[in-house]
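Work through the exercises below with the sequence and the model in view. Each task is followed by its solution.

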Amino acid sequence: MKIKTAEFVISNSKVDHCPNSTLPEYAFIGRSNVGKSSLINMLTGRKSLAKTSAKPGKTQLINHFLINNNWHLVDLPGYGYAQVSKSTKKVFQKFITAYFKKREQMICAFVLIDSRHKPQPIDMEFMQWLGEHNIPFCIIFTKADKLKPKILDKNIENYKNEMLESWVEMPEYFITSATSKLGQDDILDYIEGINNS
Ligand code: GDP
């Protein structure tokens with residue numbers, strides 16, 4: 001898929017205020033600093049469509065972007081920021097779970113994972129929750145350019161092995177780099193394939 005247009009639609013903190021539209025939407029979510037804004041900008045070919053936040057975890061907004069006038073890319077807040085209080089975490093959880101439970105037009109959640117790190121409980125728990133609620137998701141491994149190919153392969157293999165301890169099969173996954181654009185075509189084609197099906 002070629003990106004012809006990518007426009008910011010709305011930011012909001014209430015799921016009920018998300019665009020009243022039946023267009024399919026694809027949500028991007030992950031730990032703060034995982035590279036979500038960079039990935040969204042890379043995918044859409046726009047330098048600063050998604051803003052990289054100076055204070056990760058502070059802004060808890062759902063951002064909708066309209067792509068090619070026929071689907072929404074949704075930038076969800078980053079989770080797992082260490083300096084966020086317990087009460088903020090609870091609010092965040094409610095907010096995110098409400099989004100996934102209510103948005104019937106949400107086709108697939110892309111869960112971003114930093115390819116440099118070992119599987120983190122917070123990501124595993126989040127994917128477990130998605131699975132329990134029958135919410136389709138894929139994994140996007142980010143920052144692949146930061147690793148030597150052999151280490152990258154090893155990390156992905158470790159990840160798969162850990163996933164397969166609790167999942168029957170490895171979810172669809174993509175390996176990406178915002179700097180080299182690795183994964184851009186694969187993800188856009190994946191979305192296009194679903195939209196056309
Ligand atoms: P967010 O908090 O998840 O939106 O993360 P950002 O997109 O703001 O990225 C966090 C940091 O990682 C920034 O310093 C980015 O420049 C860097 N970064 C993000 N993606 C990549 C990537 O693919 N390769 C490299 N080398 N750095 C990246």
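This is a predicted model: local features need pLDDT of at least 70, side-chain atom pairs count only at pLDDT 80 or more; totals for chains, interfaces and linings use all residues.

**Exercise 1: the order of elements**

**Exercise 2: overall dimensions**

Task: why does a radius of gyration of 16 Å agree with a compact globule for the protein chain?

Solution: start from the chain length, 197 residues. A compact globule with that number of residues would have a radius of gyration near 16 Å, and the protein chain has 16 Å, so the two agree. Along the principal axes, the C-alpha atoms fill a box of roughly 45 × 40 × 35 Å. Of the contacts with a separation of 6 or more, 76% are between residues 24 or more positions apart.

**Exercise 3: the surroundings of β2**

Task: which strands pair with β2, and are its faces covered or open?

Solution: first, locate β2 at residues 25-30. Strand β4 (residues 71-75) runs parallel to β2 and is joined to it by 4 bridges; here Tyr26 has Leu73 as its bridge partner. Strand β5 (residues 106-114) also pairs with β2 in the parallel sense, over 6 bridges, and Ala27 has Ala109 as its bridge partner there.

Then check the faces. Glu25, Ala27 and Ile29 lie on one side, Tyr26, Phe28 and Gly30 on the other, and all are buried. Both faces are thus covered, and 6 of the 6 residues of β2 are buried.

Notes. Residues are numbered from 1 along each chain as its sequence is written. A residue is buried if 20 or more other C-beta atoms lie within 10 Å of its own, exposed if 12 or fewer, and partly exposed in between; C-beta atoms are placed from the backbone. Helices (H or I, at least four residues) and strands (E, at least two) are DSSP runs, numbered from the N terminus. Two strands pair if DSSP finds at least two bridges between them. The radius of gyration is taken over C-alpha atoms; the globule rule is 2.2 Å times the number of residues to the power 0.38. Two residues are in contact if their C-beta atoms, placed from the backbone, lie within 7 Å.
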